[in-house]
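Subject: the model for you to look at

Hi,

Here is the structure I promised to pass along.

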Amino acid sequence: MHSNKKIIVIGGGIGGAATALALHRNGFEPVVYERVKELREVGAGIALWANATHVLKKLGLLEAALRVGVITSNYQFNSQHGKELVNLPVDGFELPTIGIHRADLHKLLWSKLPEKQFILGETFERLELHENKVRADFASGLTIEGDALIGADGLNSRVRTELFGQQPPIYRNFTTWRGLTSHIPNTYPSGYIREFLGRGKGFGFMMLGKNRMYWYAAALAPENQPDAAIERKKQLENMFQDWFRSIPELIAATDETDIIKTDLYDRVPALPWSKQNITLLGDAAHPTLPTLGQGACMALEDALVVTKCLLEHSEAEVAFRKYESLRFPRTKSIVKQSLRSAQMGKLKHPINVALRETLMKLIKPAIKNSFKSIHAYRA
Ligand SMILES: Cc1cc2nc3c(=O)[nH]c(=O)nc-3n(C[C@H](O)[C@H](O)[C@H](O)COP(=O)(O)OP(=O)(O)OC[C@H]3O[C@@H](n4cnc5c(N)ncnc54)[C@H](O)[C@@H]3O)c2cc1C
């Protein structure tokens, strides 16, 4: 596709921002339309494995990410009381794994784009195809026209609905809480992601840059449970009171306003993602459960691949077909593996939990290989 063509990107999250930056660096004219009026990300951390730090390197952002993030060396799984089950080194690649605050990552991606290419406060509503052009209508009354459109508008993508009709994502019976604190437990081995698996519940924590500790908890729960911010801390303190001592310590040290709660969804992987000169990217295309921490990493990979395809093919329609054929097998495999891992987390009976712990120790080489093959991918 000729690089001076205008590409509309709907959604300026990690996927949309990375895509706009990759396109901009390659001479295209992307314009992002984001519904929020002010740039902000949820107050939580994110693990960027080597497959994602490769993308940051290609975008010229790795050095800057290392300045605001922290290098992660090990991913350790434990029983709920802290008995180590599996300890995987994650620093065996030519690229680092980084723990980073989402807002810091987002800022890095945004800050490299000219302001006029990021339009805030515009909620996409409808699209129309006009010969070779795409027309997008926004809630504000704005109408724009471009040569191609990329829907990077997340889990409940409006672009997806416009293309393929209403297909709600699937609730996978887990809810999560994420928190940030400056408290670092004295048992914490630096560079570690520590995860603790219990009966239908789990807890994990890792360091981010600027001396912040990020923790996450997950538990089986019905969808859309009534939730009041002021009860979250009490609820978590009750749920994890008899777990490994750093866990209640971290919850107690966290300000109530720094805890967020999210129900977890995915979709059954399926093509197509594209129709003519319109395609989907990131969670809009392949939302996944966060058990392998790969959702944002895959969105970053998509950004590079879709840009390469647009550079290689003069017609957006051909480029998008190529992009989805390149991305579908990998994203499908990660979505399915993430769901399988979550299912292991559903076990509640003490005998099943004990069997899971024995199994995890026995299959440590298989777990290690599976992580290694996911992290070894280079978009
Ligand atoms: C608990 C939890 C932990 C996670 N941990 C990790 C991790 O460690 N590592 C990892 O890689 N991933 C992780 N993820 C997954 C990751 O958060 C997502 O995969 C990633 O944010 C997807 O990015 P995206 O840009 O595709 O979508 P989003 O981040 O959802 O961004 C979509 C953007 O589109 C905008 N938008 C939506 N609708 C419209 C509209 N109609 N018009 C205009 N704009 C619109 C939204 O405001 C938003 O800014 C985690 C997810 C959860 C829930």
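**Helix packing**

Helices α1 (residues 14–25) and α4 (residues 102–111) pack with their axes 9 Å apart, at an angle of about 30 degrees. Before going further: this is a predicted model, so local features need pLDDT of at least 70 and side-chain atom pairs count only at pLDDT 80 or more, while totals for chains, interfaces and linings use all residues. Numbering starts from 1 along each chain, following the sequence as written.

On terms, helices (H or I, at least four residues) and strands (E, at least two) are DSSP runs numbered from the N terminus. Axes are lines fitted to C-alpha atoms, for helices over the stretch in contact, with angles from 0 to 180 degrees between N-to-C directions. Angles under 35 degrees count as roughly parallel, over 145 as roughly antiparallel, 65 to 115 as roughly perpendicular, and the rest as oblique.

α1 and α4 are therefore roughly parallel to each other. Their crossing is left-handed (the near helix is turned anticlockwise from the far one by less than a right angle; clockwise would be right-handed). Ile14, Ala17, Ala18 and Leu21 of α1 meet Leu105, His106, Leu109 and Trp110 of α4, where contact means C-beta atoms, placed from the backbone, within 7 Å.

The other pair is α2 (residues 50–58) with α8, packed at about 40 degrees with axes 8 Å apart. That angle makes α2 oblique to α8. The contact uses Asn51, Ala52, Val55 and Lys58 of α2, and Cys297, Leu300, Glu301, Ala303 and Leu304 of α8. This crossing is left-handed as well.

Leaving out residues up to four places away in sequence, Ala217 touches Thr176, Trp177, Gly202, Phe203, Leu236 and Phe240.

Leu281 sits in the loop between β18 (278–280) and α8. It counts as buried because it has 32 C-beta neighbours inside 10 Å (20 or more is buried, 12 or fewer exposed, in between partly exposed, with C-beta atoms placed from the backbone). Beyond four places in sequence, its contacts are Gly15, Thr19, Ile150, Gly151, Ala152, Ala299, Asp302 and Val306.

Four bridges join β10 (residues 133–138) to β11, and Arg135 has Glu145 in β11 as its bridge partner.

Most residues other than glycine have a negative phi, and most peptide bonds are trans. Here are the exceptions I noted:

- Leu271 to Pro272 is a cis peptide bond, with omega near 5 degrees; Pro272 lies in the loop between β17 (259–266) and β18.
- Gln276, in the loop between β17 and β18, has a positive phi of about 50 degrees and is partly exposed, with 16 C-beta neighbours inside 10 Å.
- Lys210 has a positive phi of about 55 degrees. This residue lies between β15 (201–208) and β16 (212–220), in a loop, and is exposed, with 12 other C-beta atoms within 10 Å.

Cheers

Key. Contact = placed C-beta atoms within 7 Å. Pairing = 2+ DSSP bridges.
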